[in-house]
Amino acid sequence: MNAVFAQAPNPIVRWEYFIDEWDQIQSALLEHLELTVYAVGLGLIASAGLSAIALRYRWALAPINGFTAFLYTIPSVALFGILVPYFGLSRLTAVLPLAAYTLLILVTNIVAGFNAVSPEVREAADSMGMTPTRKVLQVELPLAMPYIIAGLRVAVVSTVGIVTVAAIIGQGGLGRLILDGLRRAFWTPMTIGAVLSILLALALDGLILGVGRWLTPWAQRARRAP
Amino acid sequence: MASIFTREKGRRRRRVEPSPCLHVFCSCLADDRFRDIAYDVGARLPSLDRTKGTTIGAIAIKLQDVSKQFEGAATPAVTSLDLDIEEGSIVVLIGPSGCGKTTTLRMINRLIEPTSGRIDINGEDVTQRPVAELRREIGYVIQQVGLFPHQTIAANIATVPKMLGWEKQRISDRIEELANLVGLEPSLLDRYPDELSGGQQQRVGVARALAADPPVLLMDEPFGAVDPIVRIRLQDELLELQARVGKTIVLVTHDIDEALKIADRIALLNVGGILEQYSPPDELLAEPANRFVEEFVGEDRSVKRLQLRTVADLPFNRGPVVAATDGAAAARNIMEEYATEWIGVTSDDVFLGWVHADDVQDNVSLESVPRSVPAAQVQPGSTLRNAMQIIMTSHTSTAVIEDEGRFGGIVTLELIRASLEAEPGQ
């Protein structure tokens with residue numbers, strides 16, 4: 001049977017798989033999305049904290065950058081392996097490494113964004129009697145937004161890709177389809193998993209791009225000084 | 001919208017009458033007499049009654065023995081500075097780089113805290129007030145403007161009123177009023193700062209600083225980044241604006257001509273924030289306190305003084321002028337009297353132009369003879385420097401033409417020279 005199957009033509013996609021396994025595909029896609037959102041969300045919160053420290057204490061920037069770069073170099077498979085003894089084959093085990101990988105790009109961009117606010121704009125904010133909190137929320141954060149959005153796009157796209165690896169610990173969304181296909185030498189789930197993963201990345205990237213444009217109308221207007 | 005714009009244009013085109021304080025300061029032509037008088041600390045602050053000629057205004061900002069020593073700096077940035085700034089006046093801080101003029105300005109709104117000394121605004125020590133609250137009552141304009149690029153012009157202007165919790169309607173009314181005041185086209189209000197020219201941005205900066213109607217306005221080289229033509233226009237507009245809003249303005253510049261043009265009083269600082277002289281512009285030029293002041297204001301200080309005064313300050317007289325109806329004989333008599341070959345012809349007191357002796361003929365009406373075109377003439381508002389230039393480049397006399405072409409008199413080099421010798425304050 002196996003031999004027969006191996007010799008039979010194995011098309012890239014068997015369309016009936018879609019219908020038969022639709023529930024599987026749907027839940028995998030949803031899980032993929034969830035893992036991505038959790039990972040990037042957690043990464044964003046952690047990055048905000050690390051960036052705040054780096055911006056407040058200049059000397060902290062280099063160690064923080066070193067730390068996030070170090071995290072980024074750890075192979076994902078190894079990182080999942082390290083966490084399994086502590087958190088089991090849980091979603092947390094999958095999300096933590098994914099979040100850790102986003103830190104490098106997010107911290108770098110948040111810090112760059114805040115540093116890009118010109119000194120005269122800061123001075124103007126101070127001179128008009130803005131409190132520090134108000135200055136951050138109403139002036140610096142909006143002005144750093146294009147940088148933060150750019151960082152977020154890279155973080156999301158790369159996370160969607162790495163989520164598939166989490167399939168080895170039983171998570172991984174579309175990665176499970178890919179792994180299933182690999183194990184069975186069956187092209188269809190592999191193709192579907194990969195293509196959907198790519199489409200998800202593109203869709204999320206477009207979504208963030210759109211939200212970013214909506215948030216920063218001032219950055220969209222061409223410089224057309226009269 | 002169009003009508004507002006037109007009105008705006010019209011307003012701007014109108015000649016700016018320099019505020020009276022700019023040219024009432026008369027002082028003696030110091031020349032050599034004061035050149036070698038030793039610098040005397042007691043003479044550093046001339047008595048206040050010279051500022052406005054008659055009244056002594058209330059002191060809005062008072063700096064007492066203010067010093068600033070930056071950490072790690074070998075010498076202090078500002079040394080024991082005393083300065084009384086009168087309410088409603090424009091005081092210009094000027095001096096070479098490193099003279100602490102910007103530091104001084106920034107100590108007033110506590111962007112820099114003084115090392116010692118005391119700064120009062122309307123009798124209240126600035127350090128006793130919450131810094132954010134204090135700054136909302138002090139307008140601040142900087143050279144780079146520092147508009148918020150992510151906010152529309154309207155939102156930029158609304159910054160302080162919003163913080164003060166004004167109602168929406170009041171804010172939008174105020175924005176409209178300010179746009180009008182600083183000469184901003186209302187259609188620009190929805191734009192972002194990057195879409196405006198440098199001059200327009202600077203106007204927005206001023207409007208934003210004035211938004212909550214602060215009694216005090218601090219300006220740090222506000223016109224330093226715009227081109228010379230726009231700079232002159234913005235200076236004129238500032239004077240015009242000041243005539244209407246009457247703020248207490250402290251302005252930092254490195255441009256002595258700008259200082260002379262707009263200041264009621266100039267505080268000339270030396271390196272280390274040492275006050276060398278604090279005087280009205282004309283006095284600074286006429287009676288420099290020491291050699292440093294003399295060198296700073298430049299060799300041509302007598303010529304510069306001419307820019308501070310206008311023809312209206314001169315006791316100009318009638319000169320060789322004849323009414324057209326008086327006829328050729330009268331014209332010849334007057335020319336003889338003044339020993340000149342040119343005579344001004346008026347009709348119903350309106351100046352027609354200059355006529356040469358050769359063209360004065362008994363059988364031709366004085367109204368129809370050829371006249372020198374363009375006729376040499378100045379307005380009462382022209383600076384003496386302008387008048388001098390016209391006098392020196394024309395072969396006729398120079399007429400002063402008042403409103404509606406009325407003939408006011410003749411201005412001569414002798415009159416101009418004599419005015420520079422007048423005592424200060426007269």
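## A helix pair, a chain contact and a buried serine

In chain A, helix 6 (residues 91-115) and helix 8 (residues 132-163) have axes that come within 8 Å and cross at roughly 160°. Axes here are lines fitted to C-alpha atoms, for helices over the stretch in contact, and angles run from 0 to 180 degrees between N-to-C directions. That makes helix 6 of chain A roughly antiparallel to helix 8 of chain A (the label for angles over 145 degrees). Among the residues making this contact are Leu98(A), Tyr101(A) and Ile105(A) of helix 6 of chain A, and Glu140(A), Ala144(A) and Tyr147(A) of helix 8 of chain A. Two residues are in contact if their C-beta atoms, placed from the backbone, lie within 7 Å.

A word on the source: this is a predicted model, in which local features need pLDDT of at least 70, side-chain atom pairs count only at pLDDT 80 or more, and totals for chains, interfaces and linings use all residues. Residues are numbered from 1 along each chain as its sequence is written, while chains are lettered from A and ligands numbered from 1 in the order in which they are written.

Stepping back to the whole of chain A, its secondary structure comes to eleven helices and zero strands. Helices (H or I, at least four residues) and strands (E, at least two) are DSSP runs, numbered from the N terminus. The C-alpha trace of chain A spans about 80 × 50 × 25 Å along its principal axes. Of the contacts in chain A between residues at least 6 apart in sequence, 74% join residues at least 24 apart.

Chain A also meets chain B, with 19 residues from chain A and 21 residues from chain B in the contact. On the side of chain B that touches chain A, helix 4 of chain B gives the most, with four residues. The elements of chain B that give two or more residues to that side are these:

| Element of chain B | Residues |
|---|---|
| Helix 4 | 131-136 |
| Strand 6 | 138-142 |
| Helix 6 | 159-163 |

Finally, have a look at Ser397(B), in the loop between helix 15 (384-393) and strand 15 (398-401) of chain B. Ser397(B) counts as buried because it has 21 C-beta neighbours inside 10 Å (buried takes 20 or more other C-beta atoms within 10 Å, exposed 12 or fewer, and partly exposed is in between). Not counting residues up to four places away in sequence, Ser397(B) touches several residues, including Gly319(B), Trp342(B) and Ile410(B).

Definitions and conventions: Parallel < 35°, antiparallel > 145°, perpendicular 65-115°, else oblique.
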